[in-house]
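Please open the structure in your viewer and keep the selection tool at hand.

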Amino acid sequence: MTTTNTTASATPGLSAQEAQERLLRYGPNAVPEERPHPLLLFVHKFWSPVPWMLEATLLLELVLHRFTQAVIIAILLVLNAVLSFVQERRASNALQLLRKHLTVQARVLRDGRWQLVLAQNLVPGDVVHVRMGDLAPADVLLQQGQILVDQSALTGESAPVEVGPGNTAFAGSTVRRGEATGEVAATGPHTRFGKTAELVRTSRTPSHLEALIFTVVKYLVALDVLLVGAILVYAIVGDLALQEIIPFALILLVASVPVALPATYTLASALGSLELARRGVLVTRLSAVEEAAAMDVLCSDKTGTITKNQLVVAALRPSAAHFEEELLELAALACDDATQDPIDLAILDAARKRNAPTRQRQRLQFFPFDPATKRSEALVSEPAGVLHVVKGAPAVVAALTDGDRLLDTEVQALAAQGCRVLAVAAGPQGRLRLVGLVALQDPPREDSQAVVRSLGDLGVRVVMVTGDSAATAQAIAAQVGIDGETCLAESLRGGDDARRRECAVFAGVFPEDKFHLVQIFQQAGHVVGMTGDGVNDAPALKQAEVGIAVANATDVAKASASLVLTNPGLTDVLAAVQTGRCIYQRMLTYTLNKIVKTFQIALFLSLGLLLTGVFVTTPRLILLLLFANDFVTMSLAADRVTFSRTPDRWRIRPLVMIALVLALAWVTLCFAVFLVGRDLCHLDLPQLQTLVFLTLVFSGQATVYLVRERRHLWKSWPGHWLLVSSLADVIVVGLLATYGVLMAPVSPLAVVALLALVGVYLLLLDFLKIRLLRWSGFH
């Protein structure tokens, strides 16, 4: 604790004992945090549909003392969990950063003297003093003084706000000018800043990926239950030994589990995140890469996202007797860099860029902007005498002019364009005449219009959300090409949801309004993106499926977002959408491939037993098939694809129907190979089982190339890793079969002939695939 000198206060402040009692009652001036233990995060990877199926099978294998199969299944289970945990783990540090903003030192009046204490020890009733450059340590109700505060990171308002006695300076806002004394009104989670933190803590992004995996597993389990039931009935009727049937049924279950599905999705998203990193987009939540493919609504914050968050002179309207250069010169004389007032800085910057002439004028005295008089003034020396220059609110300046009438229509027209309008008057003291109007605006970024148009071409609707006025919001929306109705924040707190979803612009919103807007779109079935840069955006960024923090975002916004842009502007949002859609195409290929192969294996193994009375392959070979096919096809995560022009959505039912038809076609080939081997080549059962295993491996690889291209399979060249993986798989499996490793040997000629047969059959199935995809509407 350090003693410091500052201005006197009308109240004596709290005593140290009172402050300690209130600290116990209200708690520290900090935001509570939740940090789950890493071990719990890892254990959670075993609690989802795919692990449940493997865990149930593992237990049954252990009960039946089939330890080899149990070990293999355990390896599959742990491998999947480790891959997901390593790739997805991300420390959720948004709340830590919110706390960090509050752990500053504050000037507090206690025991009758001013002291420096940690902001986390502030309590309601403390008297504090803030000055230029300070971060408001709590919500402070001002008693004395006047300050200009920048609260754009908290409220989204681009223009700084004057705060005087009777008004509140919110925690997290920055003092740009002046100093003031006030009483702490709220601390910690009860401040406006803390309520934003609570929204961040309670925000939950719905997981479409988990829902997708569960839906896929549901269809596969339904098929498994049907086939296992048929096999058990057959075993009972045919008087077969259950100790032989049950292991077969368990292996059938394992073969139907999409073991590598979650890991492949994770791998594809991780590779996509690396690609985005090379393009200046950092991924903090892997699921957002895939969610970007389905995003059809982008709620974009205006200040600092669509606009530059920097005031500039937008228009000059000189009166009849003056020119623009003279108007700008006189306005600059009533400004000063030392005030760090954004309006003054914008006018001075414009004057420097336009080389406004000085006309041998020298400023004698300067009076900075006074909120009470709503103007700034300067006395200037010139050859003709002393010139009095006034800059301020149009109505105030008009009242000071000598008989001049301000053009109200001009002021209203500029205000309707979203500009902040100032009037400038000059003349001998007591005889001021209007020089003209200066309009200032926070302009759009140079790339905003192009990004909005490009996103629209990709089927993504852009909705602008801002804390500014409706006039300002409408003007900016028109400049960047966002067309539609402008709605006020009140419409988000009640009313017709359908009408709210039709609004293109929302003005005057608070953090909880943005958060609820995202929820409204999500409840209507939209996949929502949210761009932003400030603390006020953090809850909505975390709630949205795709939360995007722009390059100049606060640390809190970056921690809450799932994508962080490192390049200025929004151009890289397009890269995220395009990359997400490429990943969707890869995952669509993998999912369709997996369902086809699962149906094919389950139907062939079950029908093979029911129709031939023998096991068409062995449990060991089925487990080997999992490694030969499932984990090799993970290379699809890096396949060469093109993105679609419309948002991508998963439609599992038509996908399953396509997979079923293609699987039946492959089952037909498998039976043909089995019958030819048995009846024409007179192979014994172990050799037939090897031949069936080879057919399942080769047809599995062929299915990858069949479904990876929505057009004919020869229309695009596969990725390098996919080709290498397939080639290695075919060579290794062919050698194992030829030399009889883990299976009965077959001749090299049989292996080559079977591979050629599968290749010809693949070309025939490609034409069937085209018809099926057109019927289902996949692209």
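A residue is called buried under 20% relative accessible area, exposed over 50%, and partly exposed in between. The model on display is predicted.

**The salt bridge between Asp296 and Arg649.** Select Arg649, which has a relative accessible area of 34% and is therefore partly exposed. Its salt-bridge partner is Asp296, and the closest N and O atoms are 3.5 Å apart. Asp296 is buried, with a relative accessible area of 17%. The pair links distant parts of the chain, 353 residues apart. Asp296 belongs to the loop between helix H11 (287-294) and strand E10 (297-301), whereas Arg649 belongs to the loop between helix H24 (619-630) and helix H25 (652-680).

**Helix H14.** Next, select residues 342-353, which form helix H14 and include both Asp349 and Lys353. These two residues are four apart, about one turn of the helix. In an α-helix, residues three or four places apart point the same way, because there are 3.6 residues a turn. The side chains of Asp349 and Lys353 meet in a salt bridge of 3.2 Å, N to O. Asp349 is partly exposed, at 27% relative accessible area, while Lys353 is exposed, at 65%.

**The sheet.** In which order do the six strands of the open sheet lie? The order is E11-E16-E15-E14-E13-E12, with antiparallel pairing. Strand E11 (312-318) and strand E12 (362-370) are the edge strands, each pairing on one side only. From one strand to the next, the twist averages 20 degrees. Now select strand E13 (residues 375-382) and strand E14 (residues 385-392): eight bridges join these antiparallel strands. Glu382 has Gly385 in E14 as its bridge partner.

**Helix H26.** Finally, select residues 685-707, the 23 residues of helix H26. At 1.5 Å a residue, H26 should span 33 Å, and its end C-alpha atoms are 32 Å apart, which agrees. Of its 23 residues, 20 are buried, so H26 is largely enclosed by the rest of the structure. Asp684 caps the N-terminal end of H26, with a side-chain oxygen 2.9 Å from the backbone nitrogen of Gln687.

Definitions and conventions
Residues are numbered from 1 along each chain as its sequence is written. This is a predicted model: local features need pLDDT of at least 70, side-chain atom pairs count only at pLDDT 80 or more; totals for chains, interfaces and linings use all residues. Side-chain values use heavy atoms; hydrogens and water are left out. Two strands pair if DSSP finds at least two bridges between them. Axes are lines fitted to C-alpha atoms, for helices over the stretch in contact, and angles run from 0 to 180 degrees between N-to-C directions. The expected span of a helix is 1.5 Å times one less than its number of residues. Buried means under 20% relative accessible area, exposed over 50%, partly exposed in between (1.4 Å probe, protein chains only). A polar contact is a pair of N or O atoms within 3.5 Å; within protein, one must be able to donate a hydrogen and the other to accept it, and residues adjacent in sequence count only if both atoms are side-chain atoms. A salt bridge is a side-chain nitrogen of Lys or Arg within 4 Å of a carboxyl oxygen of Asp or Glu.
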